[in-house]
Amino acid sequence: AQSVTQPDIHITVSEGASLELRCNYSYGATPYLFWYVQSPGQGLQLLLKYFSGDTLVQGIKGFEAEFKRSQSSFNLRKPSVHWSDAAEYFCAVGNNAGNMLTFGGGTRLMVKP
Amino acid sequence: DTGVSQDPRHKITKRGQNVTFRCDPISEHNRLYWYRQTLGQGPEFLTYFQNEAQLEKSRLLSDRFSAERPKGSFSTLEIQRTEQGDSAMYLCASSLNRVNEQYFGPGTRLTVT
């Protein structure tokens, strides 16, 4: 069975500071990995995805993530956070059949001015 | 707007009533997914369709939940005899095929009183 753990429920960073959100997954084969962002009352917007190839993937809004198979991790990073980045971030793993995503519990990001 | 749309955005119903939600996927997408998201949690997979065929429904939460996609375009999710525990955000997503990312709609927030 596939699963995702996001160890940090809440993170607060200052505007302009760097950000790293942690994600650990469990899946028997090569996973499809995703990061989504959700603003209050909204649906989920895809930030980036990893299917294969280069383990450092670039996404929208200046985000990037690195797949580390040895650590079963797919951490999300941004070098300089903007106040508009305050939201909830979800990591997800997809199976090879492409029939479902399993999400972590999310990390709520707050940005201090 | 060519994204995934859901209707209604909000639904308040009394316990024991039936409710139906509609999802219109991105037009060229052949796969459609339903998820449920409760407060403070990540989305939880419910069911999915490839064209009009419902290929996975074992994760529907109970036999009170059913979904259809009669012509392979829009889909409906019905909850019969609603209970207070059904209060949640119901999210729909679509994808082009099994190896592509899922795009989410804004969700329908259900409140059962």
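**View 1. The overall build of chain A.** Chain A of this predicted model has 12 strands and 0 helices, so that, read along the sequence, its pattern is β-β-β-β-β-β-β-β-β-β-β-β. The radius of gyration of chain A is 13 Å, close to the 13 Å that the globule rule gives for 113 residues, and chain A is therefore as compact as a globular protein of that length. Taken along the principal axes, the box filled by the C-alpha atoms of chain A is roughly 40 × 30 × 20 Å.

**View 2. Burial and contacts within chain A.** Of the 113 residues of chain A, 49% count as buried.

**View 3. The interface of chain B and chain A.** Here 22 residues of chain B are in contact with 21 residues of chain A, and the two chains bury about 1700 Å² between them, of which 53% is on carbon and sulfur atoms. Between chain B and chain A the count is 3 residue pairs in polar contact, with both residues at pLDDT 80 or more. On the side of chain B that touches chain A, at least two residues are supplied by each of β4 (31-37), β5 (44-50) and β9 (88-95) of chain B, and the largest share, 4 residues, comes from β4(B). The residues of this side of chain B divide into 10 nonpolar, 7 polar and 5 charged.

**View 4. The salt bridge across the interface.** The rule finds 1 salt bridge across the interface of chain B and chain A. In this salt bridge the side chain of B:Glu101 meets the side chain of A:Lys49, with a distance of 3.5 Å from N to O.

**View 5. The surroundings of B:Ser94.** B:Ser94 is placed in strand β9 of chain B, and B:Ser94 counts as buried because its relative accessibility is 0%, whereas the cut-off for buried is under 20%. The side chain of B:Ser94 is joined to the side chain of B:His29 by a polar contact of 2.7 Å. Leaving aside neighbours within four places in sequence, B:Ser94 is in contact with several residues, among them B:Val4, B:Pro25, B:Ile26, B:Arg31, B:Leu32 and B:Tyr33. The contacts of B:Ser94 also include B:Gln102, B:Tyr103 and B:Glu101, and B:Glu101 is the residue whose side chain forms the salt bridge with A:Lys49.

Conventions
Residues are numbered from 1 along each chain as its sequence is written. Chains are lettered from A and ligands numbered from 1 in the order in which they are written. This is a predicted model: local features need pLDDT of at least 70, side-chain atom pairs count only at pLDDT 80 or more; totals for chains, interfaces and linings use all residues. Side-chain values use heavy atoms; hydrogens and water are left out. Contact means heavy atoms within 4.5 Å. Buried area is the accessible area (1.4 Å probe) that two parts lose on being put together, summed over both. A salt bridge is a side-chain nitrogen of Lys or Arg within 4 Å of a carboxyl oxygen of Asp or Glu. A polar contact is a pair of N or O atoms within 3.5 Å; within protein, one must be able to donate a hydrogen and the other to accept it, and residues adjacent in sequence count only if both atoms are side-chain atoms. Ala, Val, Leu, Ile, Met, Phe, Trp, Tyr, Cys and Pro count as nonpolar, Asp, Glu, Lys and Arg as charged, and the others, Gly among them, as polar. The radius of gyration is taken over C-alpha atoms; the globule rule is 2.2 Å times the number of residues to the power 0.38. Buried means under 20% relative accessible area, exposed over 50%, partly exposed in between (1.4 Å probe, protein chains only).
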